[in-house]
Amino acid sequence: MPTAREFIDGVTARLEPLDQAANRAWWDASTAVSKEHEAQRVAADLALRTALGDTASFERLAAIRASGDTQLLREATVLHDRMLPHQVSMNTREAITRLEADLDATFNRFRADVDGEVCDDNAIAAVLRTSDDPVQRRRTWEASKQVGAAVVDRVRALAHLRNQAAREVGARDFFALSLATAELDETRLMATLDAVDEATRGHFEEWKAAGDAQRADRFGCSVTELRPWHYDDPFFQAAPTTDELDLDTWFRNADLVELTRTTYAGIGLDVDPILARSDLESREGKSQHAFCININRGQDVRVLCNNVPGTYWAETMLHEFGHGVYDAGVDPELPWSLRTMHPLTTEGIAMLFGRLTLDPGWLRQVLAIAPNAVDAAADALARRRVVTMLVFARWVLVMTNFERGFYADPDADH
């Protein structure tokens with residue numbers, strides 16, 4: 001029998017090429033939707049998940065972890081938690097894999113139909129940021145939600161499958177299993193979110209009441225008549241623009257790639273290798289969102305964005321390349337299973353970089369805004385920084401509670 005060290009090395013040697021192949025297939029399926037790419041993704045994911053579902057390897061890892069060997073404990077724990085969700089029947093594993101790929105392809109392919117005109121997310125965002133026509137805003141917002149009707153049954157079916165898989169490995173549901181395998185204690189997490197709710201609720205309600213009064217005046221309605229399409233963001237995930245501070249006037253002609261390169265070069269980090277592998281322009285058949293992926297837990301780090309000039313994508317570029325420089329900076333001498341990081345850590349770094357778009361020093365030095373203009377906006381920038389964090393905190397609370405409730409009862413009207 002191989003030693004514990006030899007066994008873990010053997011497991012990682014089997015998983016590493018499968019993981020890389022799955023990441024490449026996922027990238028291809030996200031950047032160019034096609035039946036071929038979807039099939040390649042399913043095949044690569046199934047190969048990886050089948051390896052992760054190997055029962056004998058999982059049981060040996062559990063024994064190594066229980067032995068308390070401090071030299072191997074972390075590797076055994078990370079691999080154990082990666083494999084746990086896949087200790088399910090082959091039929092369940094395959095059904096989840098195929099449905100996930102199908103749903104992602106649907107979302108990536110979707111473009112809204114607004115009165116016969118095909119509109120991507122950037123076009124929808126432009127209307128919601130700038131239009132004063134409530135009818136146009138409503139039609140645009142409702143069009144952005146058309147994908148919901150197309151996927152609702154499949155999303156619920158996937159939730160049931162995920163819950164079934166979670167229960168096969170002894171978890172209450174998929175939400176609980178996701179937290180446990182991310183080393184998050186659900187009771188502590190919900191208590192923390194309750195504390196965040198308590199600390200931010202009053203400030204948020206005060207800010208929103210004042211903003212809603214201005215918004216109602218803008219659209220000629222009462223505050224009680226305000227609806228989701230009256231706000232700038234389809235999900236109310238970002239703070240709305242105000243007459244006090246419209247950052248888009250500063251970013252309208254900005255070169256977002258050059259801003260990103262200059263920002264990171266200023267602290268001694270070269271993002272050119274990441275830029276060279278990234279996909280940053282919007283087009284049909286591509287995911288409309290943004291993410292960073294490390295294909296090989298090494299230097300093959302890539303970012304997907306859908307850039308158009310403006311504050312939103314400037315912040316997003318800085319955010320995603322914050323993930324990128326973190327990934328690229330992981331010690332290559334670490335074992336493969338440990339060349340990763342907890343998402344809470346890297347997300348914090350990414351958010352710090354993204355918030356530079358509200359930093360007076362960055363605006364002067366990198367965006368080259370006239371110092372007197374930045375000074376004149378200092379108070380408004382400070383308020384926007386606070387509001388941005390308030391809105392984000394409330395959004396995290398809503399989404400976490402939604403996801404928890406959704407997996408508790410996928411068929412309920414959420």
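**Exercise 1.** Among contacts in the protein chain between residues at least 6 apart in sequence, what percentage join residues at least 24 apart?

*Solution.* The model is predicted. Take the contacts between residues at least 6 apart in sequence. Of these, 75% join residues at least 24 apart.

**Exercise 2.** Characterise the surface and the charges of the protein chain.

*Solution.* 
- Step 1: Buried residues account for 45% of the 414 residues.
- Step 2: The chain exposes about 20700 Å², and carbon and sulfur atoms supply 55% of that area.
- Step 3: There are 45 positive and 66 negative charges. Their mean positions lie 2 Å apart.

**Exercise 3.** Is Thr 77 buried or exposed, and what does Thr 77 touch?

*Solution.* 
- Step 1: Locate the residue. Thr 77 sits in helix α4, which covers residues 73-83.
- Step 2: Apply the cut-off. Buried means under 20% relative accessible area. Thr 77 has 10% relative accessibility, so Thr 77 counts as buried.
- Step 3: Follow the side chain. The Thr 77 side chain reaches the backbone oxygen of Leu 73 at 2.8 Å.
- Step 4: Set aside neighbours within four places in sequence. Thr 77 is then in contact with Arg 65 and Glu 183.

Methods. Residues numbered from 1 in each chain as written. Predicted model: local features only at pLDDT ≥ 70, side-chain atom pairs only at ≥ 80, totals over all residues. Heavy atoms only, no water. Buried < 20%, exposed > 50% of the residue type's maximum accessible area, 1.4 Å probe, protein only. Contact = heavy atoms within 4.5 Å. Areas by Shrake-Rupley, 256 points an atom, 1.4 Å probe, with all protein chains shown as cover. Lys, Arg positive; Asp, Glu negative; His and termini not counted. Charge placed at Lys NZ, Arg CZ, Asp CG, Glu CD. Helix = DSSP H or I, 4+ residues; strand = E, 2+ residues; numbered from the N terminus. Polar contact = N/O pair within 3.5 Å; in protein donor to acceptor, adjacent residues only side chain to side chain.
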